[in-house]
Every structure is written in structure tokens, then in C-alpha cells.
Amino acid sequence: MEEHAEALEADLLRYYGVDLLDWHREALSSRRLAVLVRHLPPDSSFVRAREGEAAEWGLTDHLLAAVVDHLAIANWMFASANRDEYADPPEAPIPVPRPGVGAADTPDGPAADHAPTGAELARFFG
């Protein structure tokens, strides 16, 4: 809390109308302060300062990113299966960037390694 004291002070005033100095004046108990801090909303300055970009992503955002990634892979596989035999394969899709996941942390799927072979495509569509 000390590291992000200014953000915490601003949030306590913004969301609860509580002055952090009330804790130093003993007008606000440590238990009440802890409850207020634990239940600050995800868009609060304190939560964003503490958790960074990950605080901005909820379950819905992660699910939408997964849908976009799966749709891109399906379209890529369709284009790969229906391309001219002598044409260059289409470029593999790039996953939607997610907070806290670097390029090295992304799981390697079939799109990351190579273009699918005819046998792989036949197995997928079969």
C-alpha cells in the first residue's frame, strides 16, 4: 500500500468519500480500511497501479480474444486448404496480445510452427 499511497488516497476519496488521513487520526479502523481497499473496483487507480494492464482485462475480454484467435486460425486453415497447389501458403495468424503474456510465453500451436500438410488438413476436415 505504501508503494501506491497516492493512488490509494485518491481512490478512497473518489469511491467512498473517505480521507486516508482518518486512519492516521484513528477515525478509521485498520479493518475498515482493509475492507475498503480489498473491494476497490478494477478500474480504480490503486488496482491499476498494483496490477498493471492485467487489471483492465476481465473474463469477457479474455473470452473475446480467444474467439478472435480461433476464428483467425479457422480462416487461415480454410485459406490453406483451398489455395492453389503452387501458391505460397498464407501467413499464420498472430494471436491477440494479452496482458502479462509476452511473445515468448504464447503457446506454440500448429500456426506457429509450419503450414499444415495435406494429411493434417485432411485429418482436420475429415
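**Salt bridges, exposure and a core**

Guide: Start with Arg98, which forms a salt bridge with Asp69; their closest N and O atoms are 2.7 Å apart. The two sit in distant parts of the chain, 29 residues apart. Asp69 belongs to helix 5 (59-81), and Arg98 to the loop between helix 5 and helix 6 (110-113). Keep in mind that this is a predicted model.

Visitor: Why is the pair of Arg98 and Asp69 called a salt bridge?

Guide: The label needs a side-chain nitrogen of Lys or Arg within 4 Å of a carboxyl oxygen of Asp or Glu. Arg98 and Asp69 have N and O atoms 2.7 Å apart, so the pair qualifies.

Visitor: What makes Asp69 buried?

Guide: Buried means under 20% relative accessible area. Asp69 has 13%, so it is buried.

Visitor: And is Arg98 buried, exposed or partly exposed?

Guide: Arg98 has a relative accessible area of 22%.

Visitor: How many salt bridges does a search of the whole structure find?

Guide: Four. One of them joins Arg25 and Asp19, with the closest N and O atoms 3.8 Å apart. The limit is 4 Å, so this pair counts too. Asp22 and Arg25 also meet through their side chains, at 2.9 Å from N to O.

Visitor: What links Asp19, Asp22 and Arg25?

Guide: A network of salt bridges. Arg25 pairs with Asp19 and with Asp22.

Visitor: Why are Asp19 and Asp22 called partly exposed?

Guide: Asp19 has 22% relative accessibility, and Asp22 has 23%. Buried would need under 20% and exposed over 50%, so both are partly exposed.

Visitor: What makes Leu64 exposed?

Guide: Exposed means over 50%. Leu64 is at 51%, so it counts as exposed. Leu64 is found in helix 5. Leu64 and Val96 are 32 residues apart in sequence, and their C-alpha atoms are 9.6 Å apart in space.

Visitor: Which residues have the most contacts inside the largest nonpolar core?

Guide: Leu8, Leu12, Leu33, Val37, Leu40 and Phe46, in a core of 13 residues. Helix 1 (5-16), helix 3 (30-38) and helix 4 (45-51) each give two or more residues to this core.

Visitor: Which residues is Leu12 in contact with, leaving aside its neighbours within four places in sequence?

Guide: Gly17, Val18, Leu20, Leu33 and Leu36.

Terms used. Residues numbered from 1 in each chain as written. Predicted model: local features only at pLDDT ≥ 70, side-chain atom pairs only at ≥ 80, totals over all residues. Heavy atoms only, no water. Core = buried A, V, L, I, M, F, W, Y, C linked by side-chain atoms within 4.5 Å. Buried < 20%, exposed > 50% of the residue type's maximum accessible area, 1.4 Å probe, protein only. Helix = DSSP H or I, 4+ residues; strand = E, 2+ residues; numbered from the N terminus. Contact = heavy atoms within 4.5 Å.
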